[in-house]
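Here's a quick tour of the structure below, meant to be read with the viewer open.

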Amino acid sequence: MPRKESLSAPQARHIALVAQGFAARRPGNVTARAVAAMFGRLGVVQIDSVNVLVRSHFLPLFSRLGSYDPALLERLAYDPRKRQLFEYWGHEASLLPLELQPLFRWRMARAERFEAGWQHVREIGQSRGDFVAAILQQIVDRGPLGAGDITGGGKSNGPWWGWSDGKRALEWLFWSGKITTSYRRGFERVYDLTERVIPAEILARPTPPEADAQRELVRIAARACGIATEADLRDYFRLSATEGKARIAELVEAGELMPVAVEGWRQTAYLAPSAKVSVKVDVRALLSPFDSVVWERARTERLFDFSYRLEIYTPAHKRVHGYYVLPFLFGDRLVARVDLKAVRQDGVLEVRGVHDETAANRAEVMPALASELRVLAGWLNLDDVRVVARTAVARSLGSSLRSAR
(Lines give C-alpha, C1' and ligand atoms only; values in the text may rest on other atoms or scores of the structure.)
Protein backbone atom coordinates (compact mmCIF):
# COMPACT_ATOMS: atom_id res chain seq x y z
CA MET A 1 0.00 0.00 0.00
CA PRO A 2 1.50 3.39 -0.97
CA ARG A 3 2.36 5.74 1.84
CA LYS A 4 -0.26 8.38 2.57
CA GLU A 5 0.60 12.01 1.99
CA SER A 6 1.25 13.88 5.24
CA LEU A 7 0.07 17.35 6.21
CA SER A 8 1.06 19.49 9.16
CA ALA A 9 -1.54 20.64 11.68
CA PRO A 10 -1.35 24.27 10.43
CA GLN A 11 -1.82 23.10 6.83
CA ALA A 12 -4.94 21.14 7.79
CA ARG A 13 -6.28 24.15 9.70
CA HIS A 14 -5.69 26.45 6.73
CA ILE A 15 -7.35 24.02 4.32
CA ALA A 16 -10.42 23.85 6.56
CA LEU A 17 -10.68 27.62 6.95
CA VAL A 18 -10.28 28.29 3.23
CA ALA A 19 -12.91 25.65 2.41
CA GLN A 20 -15.29 27.25 4.92
CA GLY A 21 -15.05 30.64 3.25
CA PHE A 22 -12.64 32.43 5.58
CA ALA A 23 -9.85 33.13 3.08
CA ALA A 24 -11.33 36.04 1.16
CA ARG A 25 -11.58 39.59 2.41
CA ARG A 26 -15.03 40.67 3.52
CA PRO A 27 -16.67 42.37 0.56
CA GLY A 28 -18.04 45.47 2.31
CA ASN A 29 -21.19 45.67 0.18
CA VAL A 30 -22.85 42.27 0.57
CA THR A 31 -25.28 41.35 -2.19
CA ALA A 32 -27.90 38.62 -2.45
CA ARG A 33 -25.56 36.89 -4.88
CA ALA A 34 -22.81 36.84 -2.25
CA VAL A 35 -25.20 35.35 0.32
CA ALA A 36 -26.36 32.67 -2.12
CA ALA A 37 -22.76 31.90 -3.07
CA MET A 38 -21.83 31.38 0.57
CA PHE A 39 -24.69 28.92 0.96
CA GLY A 40 -23.39 27.16 -2.13
CA ARG A 41 -19.95 26.92 -0.55
CA LEU A 42 -21.16 25.70 2.85
CA GLY A 43 -23.98 23.49 1.56
CA VAL A 44 -25.95 23.84 4.80
CA VAL A 45 -26.51 26.39 7.56
CA GLN A 46 -27.99 25.19 10.85
CA ILE A 47 -31.08 26.85 12.32
CA ASP A 48 -31.51 27.20 16.07
CA SER A 49 -34.22 28.82 18.17
CA VAL A 50 -32.02 30.55 20.78
CA ASN A 51 -32.26 34.32 20.31
CA VAL A 52 -30.22 35.75 23.18
CA LEU A 53 -27.96 37.40 20.59
CA VAL A 54 -29.42 36.81 17.12
CA ARG A 55 -30.88 33.71 15.47
CA SER A 56 -27.96 31.42 14.76
CA HIS A 57 -28.51 31.02 11.00
CA PHE A 58 -27.74 34.72 10.48
CA LEU A 59 -24.31 34.53 12.14
CA PRO A 60 -22.26 32.33 9.74
CA LEU A 61 -22.78 34.87 6.96
CA PHE A 62 -21.77 37.73 9.25
CA SER A 63 -18.66 35.81 10.34
CA ARG A 64 -17.53 35.37 6.73
CA LEU A 65 -18.96 38.40 4.91
CA GLY A 66 -19.21 41.03 7.63
CA SER A 67 -22.21 43.30 8.11
CA TYR A 68 -25.06 42.52 5.72
CA ASP A 69 -28.79 43.05 5.53
CA PRO A 70 -30.51 40.03 7.14
CA ALA A 71 -33.46 40.69 4.82
CA LEU A 72 -31.28 39.29 2.00
CA LEU A 73 -31.26 35.92 3.73
CA GLU A 74 -34.96 36.12 4.58
CA ARG A 75 -35.82 36.75 0.94
CA LEU A 76 -33.67 33.88 -0.33
CA ALA A 77 -35.31 31.55 2.18
CA TYR A 78 -38.95 32.62 2.18
CA ASP A 79 -39.84 35.03 -0.64
CA PRO A 80 -41.57 33.01 -3.41
CA ARG A 81 -40.17 35.35 -6.07
CA LYS A 82 -36.56 35.18 -4.79
CA ARG A 83 -36.42 31.76 -3.13
CA GLN A 84 -33.11 29.92 -3.49
CA LEU A 85 -33.13 28.06 -0.15
CA PHE A 86 -35.40 25.61 1.61
CA GLU A 87 -35.67 24.15 5.10
CA TYR A 88 -35.08 20.50 5.92
CA TRP A 89 -33.14 18.18 8.20
CA GLY A 90 -29.71 18.58 6.62
CA HIS A 91 -27.37 18.72 9.60
CA GLU A 92 -29.98 19.52 12.22
CA ALA A 93 -32.83 21.85 11.25
CA SER A 94 -31.17 23.61 8.34
CA LEU A 95 -31.36 26.01 5.46
CA LEU A 96 -30.11 24.40 2.25
CA PRO A 97 -29.75 25.43 -1.40
CA LEU A 98 -32.80 24.42 -3.43
CA GLU A 99 -30.61 22.37 -5.76
CA LEU A 100 -30.00 19.91 -2.93
CA GLN A 101 -33.69 19.04 -2.46
CA PRO A 102 -33.53 15.89 -4.63
CA LEU A 103 -30.58 14.65 -2.56
CA PHE A 104 -32.78 14.43 0.54
CA ARG A 105 -35.74 12.60 -0.97
CA TRP A 106 -34.35 9.28 0.26
CA ARG A 107 -34.52 10.65 3.81
CA MET A 108 -38.06 11.86 3.21
CA ALA A 109 -39.03 8.43 1.86
CA ARG A 110 -37.58 6.77 4.95
CA ALA A 111 -39.59 9.10 7.17
CA GLU A 112 -42.72 8.20 5.22
CA ARG A 113 -41.92 4.53 5.99
CA PHE A 114 -41.43 5.49 9.67
CA GLU A 115 -37.70 4.73 9.43
CA ALA A 116 -36.42 8.27 10.02
CA GLY A 117 -37.28 11.22 12.22
CA TRP A 118 -37.65 11.60 15.94
CA GLN A 119 -39.51 8.81 17.67
CA HIS A 120 -42.32 11.03 19.05
CA VAL A 121 -42.86 12.36 15.52
CA ARG A 122 -42.77 8.92 13.89
CA GLU A 123 -45.19 7.55 16.44
CA ILE A 124 -48.00 9.94 15.56
CA GLY A 125 -47.53 9.32 11.86
CA GLN A 126 -47.65 5.59 12.44
CA SER A 127 -50.43 5.35 15.03
CA ARG A 128 -52.78 8.17 14.01
CA GLY A 129 -52.83 8.14 10.24
CA ASP A 130 -56.35 9.53 9.97
CA PHE A 131 -55.49 12.45 12.26
CA VAL A 132 -52.36 13.26 10.24
CA ALA A 133 -54.32 13.05 6.98
CA ALA A 134 -56.89 15.50 8.39
CA ILE A 135 -54.09 17.93 9.33
CA LEU A 136 -52.69 17.68 5.80
CA GLN A 137 -56.15 18.28 4.35
CA GLN A 138 -56.43 21.52 6.32
CA ILE A 139 -53.28 22.79 4.61
CA VAL A 140 -54.61 21.64 1.22
CA ASP A 141 -57.85 23.53 1.81
CA ARG A 142 -56.72 26.57 3.79
CA GLY A 143 -53.18 27.25 2.57
CA PRO A 144 -50.11 27.93 4.76
CA LEU A 145 -50.68 27.17 8.45
CA GLY A 146 -48.68 27.27 11.64
CA ALA A 147 -49.21 24.81 14.46
CA GLY A 148 -51.42 27.33 16.26
CA ASP A 149 -53.66 27.70 13.21
CA ILE A 150 -54.58 24.02 13.06
CA THR A 151 -58.14 23.18 14.06
CA GLY A 152 -58.29 20.29 16.52
CA GLY A 153 -54.53 20.08 16.89
CA GLY A 154 -54.65 19.95 20.68
CA LYS A 155 -52.59 21.85 23.22
CA SER A 156 -48.86 21.84 23.83
CA ASN A 157 -47.60 20.08 26.94
CA GLY A 158 -44.99 22.65 27.94
CA PRO A 159 -41.98 24.52 26.52
CA TRP A 160 -39.23 23.17 24.26
CA TRP A 161 -40.41 19.76 23.02
CA GLY A 162 -43.82 19.61 24.71
CA TRP A 163 -45.49 19.75 21.33
CA SER A 164 -49.19 19.41 20.68
CA ASP A 165 -50.36 16.43 18.62
CA GLY A 166 -51.03 18.85 15.75
CA LYS A 167 -47.42 20.09 15.82
CA ARG A 168 -46.12 16.52 15.92
CA ALA A 169 -48.27 15.66 12.91
CA LEU A 170 -46.98 18.68 11.03
CA GLU A 171 -43.40 17.71 11.80
CA TRP A 172 -43.94 14.15 10.55
CA LEU A 173 -45.39 15.58 7.34
CA PHE A 174 -42.34 17.88 7.16
CA TRP A 175 -39.89 15.01 7.70
CA SER A 176 -41.62 12.97 4.99
CA GLY A 177 -41.48 15.85 2.51
CA LYS A 178 -45.23 16.28 2.06
CA ILE A 179 -45.10 19.82 3.46
CA THR A 180 -42.30 22.30 3.97
CA THR A 181 -41.71 25.73 5.46
CA SER A 182 -43.47 28.41 3.45
CA TYR A 183 -42.26 31.21 5.72
CA ARG A 184 -41.66 31.94 9.38
CA ARG A 185 -43.87 34.04 11.60
CA GLY A 186 -41.42 35.31 14.15
CA PHE A 187 -39.60 32.03 14.53
CA GLU A 188 -42.67 29.80 14.12
CA ARG A 189 -42.72 27.61 11.05
CA VAL A 190 -45.67 28.19 8.74
CA TYR A 191 -46.15 25.10 6.60
CA ASP A 192 -47.53 24.59 3.12
CA LEU A 193 -47.63 21.80 0.57
CA THR A 194 -44.18 21.15 -0.85
CA GLU A 195 -45.42 21.60 -4.42
CA ARG A 196 -46.67 25.10 -3.52
CA VAL A 197 -43.28 26.13 -2.08
CA ILE A 198 -40.46 24.34 -3.93
CA PRO A 199 -40.20 25.50 -7.56
CA ALA A 200 -41.61 23.07 -10.11
CA GLU A 201 -38.26 22.92 -11.92
CA ILE A 202 -36.63 21.50 -8.77
CA LEU A 203 -39.43 19.01 -8.09
CA ALA A 204 -39.26 17.80 -11.70
CA ARG A 205 -35.64 16.74 -11.32
CA PRO A 206 -35.11 12.97 -11.11
CA THR A 207 -34.83 11.40 -7.67
CA PRO A 208 -31.37 9.83 -7.43
CA PRO A 209 -30.92 6.38 -5.87
CA GLU A 210 -30.05 6.50 -2.17
CA ALA A 211 -26.38 5.62 -2.66
CA ASP A 212 -25.94 8.23 -5.40
CA ALA A 213 -27.57 10.94 -3.29
CA GLN A 214 -25.44 10.05 -0.27
CA ARG A 215 -22.26 10.07 -2.36
CA GLU A 216 -23.11 13.57 -3.57
CA LEU A 217 -23.77 14.72 0.00
CA VAL A 218 -20.34 13.39 0.98
CA ARG A 219 -18.79 15.26 -1.96
CA ILE A 220 -20.45 18.49 -0.78
CA ALA A 221 -19.32 17.85 2.79
CA ALA A 222 -15.76 17.20 1.61
CA ARG A 223 -15.67 20.45 -0.36
CA ALA A 224 -17.09 22.38 2.59
CA CYS A 225 -14.67 20.83 5.09
CA GLY A 226 -11.61 20.77 2.84
CA ILE A 227 -10.05 18.10 4.98
CA ALA A 228 -12.00 15.81 7.28
CA THR A 229 -12.13 12.44 8.97
CA GLU A 230 -14.77 9.85 8.18
CA ALA A 231 -16.76 10.99 11.24
CA ASP A 232 -16.57 14.63 10.13
CA LEU A 233 -17.86 13.82 6.65
CA ARG A 234 -20.70 11.67 7.98
CA ASP A 235 -21.71 14.27 10.54
CA TYR A 236 -22.01 17.12 8.04
CA PHE A 237 -25.31 15.78 6.66
CA ARG A 238 -26.00 13.27 9.44
CA LEU A 239 -25.35 10.08 7.48
CA SER A 240 -25.30 6.81 9.40
CA ALA A 241 -21.95 5.19 10.22
CA THR A 242 -22.57 2.30 7.85
CA GLU A 243 -23.72 4.41 4.91
CA GLY A 244 -21.13 7.14 5.44
CA LYS A 245 -18.28 4.62 5.60
CA ALA A 246 -19.46 2.92 2.40
CA ARG A 247 -19.87 6.15 0.43
CA ILE A 248 -16.47 7.48 1.53
CA ALA A 249 -14.80 4.21 0.51
CA GLU A 250 -16.47 4.44 -2.91
CA LEU A 251 -15.23 8.00 -3.42
CA VAL A 252 -11.70 7.02 -2.39
CA GLU A 253 -11.82 4.11 -4.84
CA ALA A 254 -12.97 6.52 -7.58
CA GLY A 255 -10.09 8.91 -6.79
CA GLU A 256 -12.45 11.66 -5.61
CA LEU A 257 -11.14 11.69 -2.04
CA MET A 258 -7.50 11.34 -1.05
CA PRO A 259 -6.61 9.68 2.26
CA VAL A 260 -3.93 11.68 4.07
CA ALA A 261 -2.22 11.70 7.45
CA VAL A 262 -2.42 14.87 9.53
CA GLU A 263 0.01 15.73 12.28
CA GLY A 264 -1.58 14.95 15.64
CA TRP A 265 -4.69 13.28 14.19
CA ARG A 266 -5.21 9.64 15.15
CA GLN A 267 -7.75 9.06 12.39
CA THR A 268 -7.13 9.04 8.65
CA ALA A 269 -8.18 12.30 7.03
CA TYR A 270 -9.66 12.75 3.56
CA LEU A 271 -8.66 15.60 1.30
CA ALA A 272 -11.14 17.09 -1.15
CA PRO A 273 -9.89 17.58 -4.74
CA SER A 274 -10.72 21.30 -4.46
CA ALA A 275 -8.78 21.74 -1.20
CA LYS A 276 -6.34 24.65 -1.15
CA VAL A 277 -3.52 25.30 1.27
CA SER A 278 -3.21 29.02 1.92
CA VAL A 279 0.20 30.31 2.91
CA LYS A 280 -1.46 32.63 5.41
CA VAL A 281 -4.97 32.80 6.80
CA ASP A 282 -5.69 36.04 8.60
CA VAL A 283 -9.21 35.97 10.01
CA ARG A 284 -11.10 37.96 12.63
CA ALA A 285 -14.47 36.38 13.21
CA LEU A 286 -16.91 35.62 16.01
CA LEU A 287 -18.50 32.21 15.42
CA SER A 288 -21.97 30.95 16.22
CA PRO A 289 -21.98 27.86 18.45
CA PHE A 290 -23.75 26.19 15.50
CA ASP A 291 -21.30 27.33 12.81
CA SER A 292 -20.20 24.48 10.55
CA VAL A 293 -16.53 25.17 11.29
CA VAL A 294 -17.05 24.30 14.97
CA TRP A 295 -20.32 22.35 15.26
CA GLU A 296 -18.51 18.99 15.45
CA ARG A 297 -16.68 19.47 18.76
CA ALA A 298 -14.13 16.66 18.27
CA ARG A 299 -13.13 18.25 14.95
CA THR A 300 -12.81 21.64 16.67
CA GLU A 301 -10.35 20.13 19.13
CA ARG A 302 -8.37 18.44 16.36
CA LEU A 303 -8.17 21.54 14.19
CA PHE A 304 -7.72 24.24 16.82
CA ASP A 305 -6.76 22.48 20.07
CA PHE A 306 -9.83 24.22 21.47
CA SER A 307 -12.23 22.44 23.80
CA TYR A 308 -15.70 23.81 23.22
CA ARG A 309 -18.95 22.82 24.86
CA LEU A 310 -22.35 24.47 24.62
CA GLU A 311 -23.59 25.27 28.13
CA ILE A 312 -27.13 26.46 27.38
CA TYR A 313 -28.60 23.39 29.04
CA THR A 314 -26.09 23.39 31.90
CA PRO A 315 -27.37 24.80 35.22
CA ALA A 316 -26.07 28.35 35.66
CA HIS A 317 -23.93 27.54 38.70
CA LYS A 318 -22.14 24.79 36.77
CA ARG A 319 -21.29 26.80 33.66
CA VAL A 320 -17.60 27.39 33.02
CA HIS A 321 -17.74 29.95 30.22
CA GLY A 322 -21.36 31.13 30.00
CA TYR A 323 -24.77 30.68 28.43
CA TYR A 324 -24.24 31.68 24.78
CA VAL A 325 -20.54 31.61 24.08
CA LEU A 326 -18.99 32.52 20.74
CA PRO A 327 -15.43 31.46 19.91
CA PHE A 328 -13.21 34.19 18.47
CA LEU A 329 -11.20 33.21 15.41
CA PHE A 330 -8.08 35.35 15.08
CA GLY A 331 -5.44 34.63 12.45
CA ASP A 332 -5.91 30.89 12.09
CA ARG A 333 -6.58 30.03 15.75
CA LEU A 334 -9.46 30.15 18.19
CA VAL A 335 -7.93 32.45 20.78
CA ALA A 336 -10.82 33.56 23.01
CA ARG A 337 -14.50 33.06 23.77
CA VAL A 338 -17.16 35.55 24.77
CA ASP A 339 -20.56 35.09 26.40
CA LEU A 340 -22.79 37.64 24.65
CA LYS A 341 -26.29 39.00 25.02
CA ALA A 342 -28.09 41.61 22.95
CA VAL A 343 -29.89 43.85 25.46
CA ARG A 344 -32.12 45.39 22.83
CA GLN A 345 -34.16 47.63 25.11
CA ASP A 346 -30.91 49.38 26.14
CA GLY A 347 -29.30 49.26 22.69
CA VAL A 348 -26.31 47.42 24.15
CA LEU A 349 -24.27 44.36 23.25
CA GLU A 350 -23.45 42.92 26.66
CA VAL A 351 -20.27 40.93 27.30
CA ARG A 352 -21.23 38.72 30.21
CA GLY A 353 -18.04 36.72 30.17
CA VAL A 354 -14.75 36.62 28.28
CA HIS A 355 -11.93 34.09 28.39
CA ASP A 356 -8.70 34.06 26.43
CA GLU A 357 -6.85 30.84 25.73
CA THR A 358 -3.50 32.25 26.76
CA ALA A 359 -2.63 35.50 28.49
CA ALA A 360 0.60 35.70 26.51
CA ASN A 361 -1.03 37.30 23.46
CA ARG A 362 -3.75 39.24 25.27
CA ALA A 363 -2.31 42.60 24.20
CA GLU A 364 -2.85 41.59 20.57
CA VAL A 365 -6.07 39.62 20.89
CA MET A 366 -8.17 42.01 23.00
CA PRO A 367 -7.98 45.00 20.61
CA ALA A 368 -8.90 42.70 17.72
CA LEU A 369 -11.80 41.23 19.69
CA ALA A 370 -12.96 44.70 20.74
CA SER A 371 -12.98 45.80 17.10
CA GLU A 372 -15.03 42.77 16.04
CA LEU A 373 -17.50 43.27 18.88
CA ARG A 374 -18.12 46.83 17.74
CA VAL A 375 -18.74 45.60 14.19
CA LEU A 376 -21.16 42.99 15.56
CA ALA A 377 -22.98 45.59 17.67
CA GLY A 378 -23.33 47.87 14.65
CA TRP A 379 -24.70 45.04 12.53
CA LEU A 380 -27.27 44.29 15.26
CA ASN A 381 -28.24 48.00 15.42
CA LEU A 382 -26.94 48.27 18.98
CA ASP A 383 -25.34 51.50 20.08
CA ASP A 384 -22.64 50.27 22.43
CA VAL A 385 -20.71 47.32 23.83
CA ARG A 386 -20.79 46.92 27.59
CA VAL A 387 -18.51 44.56 29.53
CA VAL A 388 -20.23 43.40 32.70
CA ALA A 389 -17.81 40.59 33.55
CA ARG A 390 -15.33 41.36 36.33
CA THR A 391 -12.10 39.53 35.54
CA ALA A 392 -8.62 40.57 34.47
CA VAL A 393 -9.27 39.60 30.87
CA ALA A 394 -12.61 41.45 30.95
CA ARG A 395 -10.85 44.58 32.18
CA SER A 396 -8.36 44.21 29.33
CA LEU A 397 -11.21 43.95 26.82
CA GLY A 398 -12.97 46.93 28.39
CA SER A 399 -9.82 48.99 28.05
CA SER A 400 -9.51 48.02 24.40
CA LEU A 401 -13.13 48.95 23.77
CA ARG A 402 -12.63 52.39 25.31
CA SER A 403 -9.48 52.94 23.27
CA ALA A 404 -11.29 52.03 20.06
CA ARG A 405 -13.99 54.70 20.44
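What follows is a set of short notes, grouped by topic.

Keep in mind that this is a predicted model. A search of the whole structure turns up 15 aromatic pairs, plus 1 cavity of 30 Å³ or more.

**Aromatic pairs**

- Start with Tyr88 and Phe104: their ring centres are 6.0 Å apart and the planes meet at 65°, so this pair is edge-to-face.
- Tyr88 belongs to strand S3 (residues 85-89), while Phe104 sits in the loop between strand S4 (93-97) and helix H5 (105-112), so the pair ties together parts 16 residues apart in sequence.
- Tyr88 counts as buried, at 2% relative accessibility, and Phe104 is buried too, with a relative accessible area of 0%.
- Now look at Phe114 and Trp172, which form a stacked pair with 5.6 Å from centre to centre and 20° between the planes.
- Phe114 is in the loop between H5 and helix H6 (119-127) and Trp172 is in helix H8 (residues 165-175), so this contact ties together parts 58 residues apart in sequence.
- Are these two partners buried or exposed? Phe114 counts as partly exposed at 26% relative accessibility, whereas Trp172, at 7%, counts as buried.

**The aromatic cluster and charges over rings**

- Tyr88 and Phe104 turn up again in one aromatic cluster, together with Trp89, Trp118, Trp163, Phe174, Trp175, Tyr191, Tyr236, Phe237 and Trp295.
- Trp163, one of the cluster members, has the charged end of Lys167 over its ring, 5.1 Å from the ring centre.
- Arg302 does something like this with Trp265: its charged end sits over that ring, 5.0 Å from the centre.

**The cavity**

- Which residues line the largest cavity? They are Phe86, Glu87, Tyr88, Gln101, Met108, Phe174, Gly177, Ile179, Thr180, Thr194 and Ile198.
- The space inside this cavity is about 70 Å³.
- S3 and strand S6 (179-185) each supply at least two lining residues, and S3 gives the most, with 3.
- Sorted by class, the cavity lining has 6 nonpolar, 4 polar and 1 charged residues.
- Tyr88 and Phe174 are among the residues lining the cavity, and both also belong to the aromatic cluster.

**The second largest pocket**

- This pocket holds about 380 Å³ of space.
- Its lining is made of 13 residues, and Ala24, Arg25, Arg26, Asp282 and Val283 lie nearest its centre.
- Helix H3 (59-65) and strand S11 (283-286) each contribute at least two residues to the pocket lining.

**Positive phi angles**

- As background, most residues other than glycine have a negative phi.
- You'll find Arg238 in the loop between helix H11 (230-236) and helix H12 (241-253), where it is partly exposed with a relative accessible area of 34%.
- Asp305 also has a positive phi, of about 50°, although it is not a glycine.
- Asp305 sits in the loop between helix H13 (297-304) and strand S12 (325-331).
- Is Asp305 buried or exposed? Asp305 counts as exposed because its relative accessibility is 67%, and the cut-off for exposed is over 50%.

How values were computed. Residues are numbered from 1 along each chain as its sequence is written. This is a predicted model: local features need pLDDT of at least 70, side-chain atom pairs count only at pLDDT 80 or more; totals for chains, interfaces and linings use all residues. Side-chain values use heavy atoms; hydrogens and water are left out. On a 1 Å grid over the protein atoms alone, a cavity is a set of points where a 1.4 Å probe fits but cannot get out, and a pocket is an open set with protein on both sides within 12 Å along at least five of seven lines; lining residues have an atom within 4 Å of a point. Grid points are joined across faces, edges and corners, and a volume is the space filled by probe spheres set on the points. Helices (H or I, at least four residues) and strands (E, at least two) are DSSP runs, numbered from the N terminus. Rings of Phe, Tyr and Trp (its six-membered ring) pair if their centres lie within 6.5 Å; planes under 30 degrees apart count as stacked, over 60 as edge-to-face and the rest as tilted. Buried means under 20% relative accessible area, exposed over 50%, partly exposed in between (1.4 Å probe, protein chains only). A charge sits over a ring if NZ of Lys or CZ of Arg is within 6 Å of the ring centre and within 35 degrees of the ring normal. Ala, Val, Leu, Ile, Met, Phe, Trp, Tyr, Cys and Pro count as nonpolar, Asp, Glu, Lys and Arg as charged, and the others, Gly among them, as polar.
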